[in-house]
Amino acid sequence: MERIEIPADVPAEAESLYRENFEKSTGGSGRLMLFAGDQKVEHLNNDFYGEGIPPEDNDPEHLFRIASRARIGVFATQFGLISRYARDYDKVPYLVKLNSKTNLVPYTDKDPYSQQWLEVADIVRFRETSGLDIRGVGYTVYIGGEHEHSMLREAARIVHEAHIHGMLAVIWLYPKGPYIKDEHDPHLIAGAAGVAACLGADFVKLKVPYEQGRFKPELLREATQAAGRTGVLCEGGSKVDERVFLEELHAQIHIGGSRGNGTGRNIHQRPLDEAVRMANAIYAVTCEDASVEDAIDILKG
Amino acid sequence: MERIEIPADVPAEAESLYRENFEKSTGGSGRLMLFAGDQKVEHLNNDFYGEGIPPEDNDPEHLFRIASRARIGVFATQFGLISRYARDYDKVPYLVKLNSKTNLVPYTDKDPYSQQWLEVADIVRFRETSGLDIRGVGYTVYIGGEHEHSMLREAARIVHEAHIHGMLAVIWLYPKGPYIKDEHDPHLIAGAAGVAACLGADFVKLKVPYEQGRFKPELLREATQAAGRTGVLCEGGSKVDERVFLEELHAQIHIGGSRGNGTGRNIHQRPLDEAVRMANAIYAVTCEDASVEDAIDILKG
Amino acid sequence: MERIEIPADVPAEAESLYRENFEKSTGGSGRLMLFAGDQKVEHLNNDFYGEGIPPEDNDPEHLFRIASRARIGVFATQFGLISRYARDYDKVPYLVKLNSKTNLVPYTDKDPYSQQWLEVADIVRFRETSGLDIRGVGYTVYIGGEHEHSMLREAARIVHEAHIHGMLAVIWLYPKGPYIKDEHDPHLIAGAAGVAACLGADFVKLKVPYEQGRFKPELLREATQAAGRTGVLCEGGSKVDERVFLEELHAQIHIGGSRGNGTGRNIHQRPLDEAVRMANAIYAVTCEDASVEDAIDILKG
Amino acid sequence: MERIEIPADVPAEAESLYRENFEKSTGGSGRLMLFAGDQKVEHLNNDFYGEGIPPEDNDPEHLFRIASRARIGVFATQFGLISRYARDYDKVPYLVKLNSKTNLVPYTDKDPYSQQWLEVADIVRFRETSGLDIRGVGYTVYIGGEHEHSMLREAARIVHEAHIHGMLAVIWLYPKGPYIKDEHDPHLIAGAAGVAACLGADFVKLKVPYEQGRFKPELLREATQAAGRTGVLCEGGSKVDERVFLEELHAQIHIGGSRGNGTGRNIHQRPLDEAVRMANAIYAVTCEDASVEDAIDILKG
Amino acid sequence: MERIEIPADVPAEAESLYRENFEKSTGGSGRLMLFAGDQKVEHLNNDFYGEGIPPEDNDPEHLFRIASRARIGVFATQFGLISRYARDYDKVPYLVKLNSKTNLVPYTDKDPYSQQWLEVADIVRFRETSGLDIRGVGYTVYIGGEHEHSMLREAARIVHEAHIHGMLAVIWLYPKGPYIKDEHDPHLIAGAAGVAACLGADFVKLKVPYEQGRFKPELLREATQAAGRTGVLCEGGSKVDERVFLEELHAQIHIGGSRGNGTGRNIHQRPLDEAVRMANAIYAVTCEDASVEDAIDILKG
């Protein structure tokens, strides 16, 4: 089991809780399988209804059914959705995504600002009054636009406050706006990783680096090294072929040095049983050093 | 009687109050008949004075007279109006609409921002000092513009704070601004429904979906499913023929899966007795499974 | 004497103070003669110095001399001016105008924002430490521009906080900016009246409605009815012939249904004795059902 | 000795301190000689280094040496500068200038906003922990631009909070921006004076009025009268001939009705001894009814 | 040993801590060698990965390895990075850089705003709960743009709050934006120095002044004198020849009057041992009056 590097801003009284949140969420591997379920705001209903998407995915409860039956590190979604379902899904390990914005205004037209909805103190109190297994908080930072400063400040505060209360902090860090020529530029992604490290994040979710439009796992190394002790999670992105997905995931970890993934559509855009098996396959690769073939077996049931 | 799904952020000490507010407001049906009376800011005096509107509608007390004599779920209006009349109408079930804006600046010219006027804590204290039957709070979110982030934050906080104090939270959720091509697009409305679910709202008031400019109840299903445990209220809109209104309402519920309506002009733009009967007819369809013919009978007295 | 409709947000412990402030300020008539003295910011020195203005009007103390000798409901001016003179004029009934802006930037160029200067809590503490007769607070809202939301929020809070502390709240409500075609449109003014009612104001100061550029008292009725229990005060405006002024005032009340006036220049742009008699004439019409001839007699001394 | 008009917002427990601060700062004359030393931000290093400026003026300690040796009412400068030197200059009467901006962006290009740096509460605590003789606070308001509302609010709060703690409040009040045709227009300056009176300032620093580009003391009368009980301080401006300076100062007071001056460059742009004598000359005219010839004698030592 | 001028806003109970922080950080010399490690946000990954940069510099731990083995005054970096490494590097003297922005948006396109991430109170509590040797805080102010006022306010508060808690405050002060013709203009840099003095900073990091594109140490004198008791630190800038660097450093101090330097790339863009020796060489020149030849010897080991 990997040594847990407890951040220095976790006070003594919160150390055991932080350690427990970290160990349980990473299965002792130091790597995080984050089941991402925040797209109902980020992409409105595009990811949940339409061609190639099973009808049951349109019901938000589908996400909770998966999260409660699959092996996952944490289920990341908005507070409101948790509040409406968690009494019936009270064993799920939750990570509260603290900000979200819609995709109605293009990034090229207006610099994005995704503001914090609730305070970490609200989440801490909620954890106490509800007794739910809330392991951490998440927040998206868009760098490169006129609201960068607001999001950097909110992110820095969220990470610190989460640590004070023994919770994990995951930062989504995306360069956006008219000044960004290529969101998949490995050097730019490494820069984003470094920003997350300076924010003190436990994990940072990043875009996947491309060379001439294609992912190569070696390209990740600049970012995973620049991130230092902040673990890099690769974005799952839109739904692709399962084997391709699992191979890339395996290579991201074992070649690129990533420490997990944030996957949504590749899991929930499936009927329940298949979604659960896909999540389990991802978990096995991420946290249990499973090979791609092992994972394919899990996926096939 | 439908099972009440109490949100997880309602703490133990507020559960019985939340349950009571929910049951009384929905008549045990899980559906809400919301009498909307916030148009004096939203539309200035257009809805209350002019051709085809009875003179008595120009007096704000008309709304209170209706609310006190009709069967309604809640009467939604601004705090200030409640403060001026509620001592004389102290049996009305109130829902305080916490934000409002005028219609003087077109949405196409400037992105709308309807800011929160009072804090939920103000409403809670008012409920206590006045002894009034304040069941919940309401708030409008416009997505798609530069102030989206401010309204999402205010809405998320309002819903959570309402729940902490055992109150219902109703969100009006409207895509607006130059990026919105069709406010009646079913897929867009389903997206808005999902946003409300992520905010944790108990009910969300939405535009009615159209296909080629016409309402069809089947179009609602994407939204009512995407809303999950958040009940969809269909907007009443401008005054139309009574039978058409009641038929659409019935179809919205029984075909489209909506869980109520927010109706203003179709009620208050009538003389008092007729307005009361219209409200009663709407209530019967919404909360008592009345047929359209039953409702027409009620309307006719 | 008219029944006093105490707003529901006046708590039990503040009821007698609210009632006293209301009764004393309206002389038991339910109507308010507001002596407006906030123009030193709103119009800079234009109203106080120049052709046709007596030299003594340039000294701010002129306002206090009038307020202390005339019969008035309240004297409305900025906090700072009160703080500098009130020790010598400690019997004057004050209403603290909480916001003000200059007229240097035209409304057509930039949307106006007149921000709140002090909190109601500051005024309450000042009332207590100074022992002055502070009856209420005032605030101007400009609707129709990009800062509308800020002013609506500040106004709603001010009205509520004033009521909590037993004070009157007067709102100046003016549509302004490039979207306003005619500030004297009766229907628009009625809309403004309704907004003030939704804010819970005790009184609202409005522009006077015109038809083809001329005031007719009947035009006020839409607004005074739409205002409900919020009393409409007509703006005094620039200085006009005394008889015309008093006749219009009488008609505003007895035909238009207004419940008072806010008059500044028509009072203070006169030598002290004449100003006092003019204020007394206005008071008699407003609060004592005096006829225009009675008022002219008072004016003549 | 002039009667001290203690503002009504000075509470009983702070009255003797306010009276002492006022009397000591005005030498019992009711007039204030304010030694202005805030230009290191306002004008960067332009006023302290260059042709015609003695080299010692480039060291900020020059200001403190003058302030500690000369007769002055108060020495106005930023908090940070006070914090670095005041342990060695602990007899100086200080007035903390609470805001400042640089001159890098022209007023004609962007409307100025000079934001408050520290709270009055910070200054009060500093006064207590340091034991320094802090007599008051200062703040600049620019009217006529899009940030006017922010500065009016900050100014109103600062004046009131200073009074609550027995301190003097001096407001610099300057119309600025593209809508200001002539900063030296006597009527505009009188308007600025009235704004300061409405803010409750003890003293207001104003531009000097011109007629056809030249100062005439009679032009000040509109402003000094409009300021009421707020004392008008004339701006010292850039360095001019000593006799001219002292003659204008004398005329401002005895003809124009000003109650002091705010002088910086005309004092500190001199070698120490000469600077001290110039300050003493100004003090004598301002607070001791000295004639111009008396003052010239003081200047000559 | 130089006299320590303790700022007047350091209260009695924090004096010994301030003195200790100052003496230890300057080695009793009054001069500060600041090891700057905040570029992972300011320049993204440009300074840490690429041609001419040793691979180990891409790992943020490289900075901590240097800081823990070299002789330095303080190591300045973001809170988050400290939180992730400081348990393993707990003897390092830290200075928390409280704001940072990326370089994605050019200064010429949008005025920069680098907002404060955490409060000084957060740092004080962190110092107490972690037991780390946190000596001070840092903050960058950009003057000359539309956000100048926000940064001046934040800076003023940070300096004052740091002093209250016995910590050093270092301000990075850079004129930026379209109005700045020449960032290396000696007179402009002196202006920036004066602003920092008015903010009360202990040290100010400035650009190096040029004449016709070249540094000359005499050019610094205007700034170091204008800074008064605020010590001027010269920016290290991009990596240059070692001898040139050390000669300029020596001349900055002994001819230009600077009181230290802030050096990042010239240290960390080297393999660990060499980086440590370079830091030691800089320290010797800065704090121990070493000659350039002495320093070269240290660098050569």
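Mentor: Happy to! A residue is called buried under 20% relative accessible area, exposed over 50% and partly exposed in between (1.4 Å probe, protein chains only). This is a predicted model, where local features need pLDDT of at least 70, side-chain atom pairs count only at pLDDT 80 or more, and totals for chains, interfaces and linings use all residues. Residues are numbered from 1 along each chain as written, chains are lettered from A and ligands numbered from 1 in written order, and side-chain values use heavy atoms, without hydrogens and water.

Over all chains, the structure holds 134 salt bridges (a side-chain nitrogen of Lys or Arg within 4 Å of a carboxyl oxygen of Asp or Glu).

Let's begin inside a helix. In chain C, the side chains of C:E15 and C:R19 form a salt bridge, with 4.0 Å from N to O. Helix α1 of chain C covers residues 15–26, and because C:E15 and C:R19 are four residues apart in it, about one helical turn separates them. (Helices are DSSP runs of H or I with at least four residues, strands are runs of E with at least two, and numbering starts at the N terminus.) C:E15 is partly exposed, because its relative accessibility is 22%. C:R19 is also partly exposed, at 34%.

Now look between two chains. E:D111 and D:K110 join their side chains in a salt bridge of 2.5 Å, N to O. This pair crosses from chain E to chain D: E:D111 lies in the loop between β3 (94–97) and α5 (120–130) of chain E, and D:K110 lies in the loop between β3 (94–97) and α5 (120–130) of chain D. With a relative accessible area of 11%, E:D111 is buried, whereas D:K110 is partly exposed at 29%.

Next, stay within chain E. A salt bridge connects the side chains of E:D47 and E:R265, at 3.5 Å from N to O. Distant parts of the chain are linked by this pair, since its members are 218 residues apart: E:D47 is in the loop between α2 (39–42) and α3 (61–69) of chain E, and E:R265 is in helix α10 (residues 265–268) of chain E. E:D47 counts as buried because its relative accessibility is 6%.

Finally, pairs can share partners. Salt bridges of that kind tie A:E5, A:R229, E:E61, E:R65 and E:D88 together in one network.
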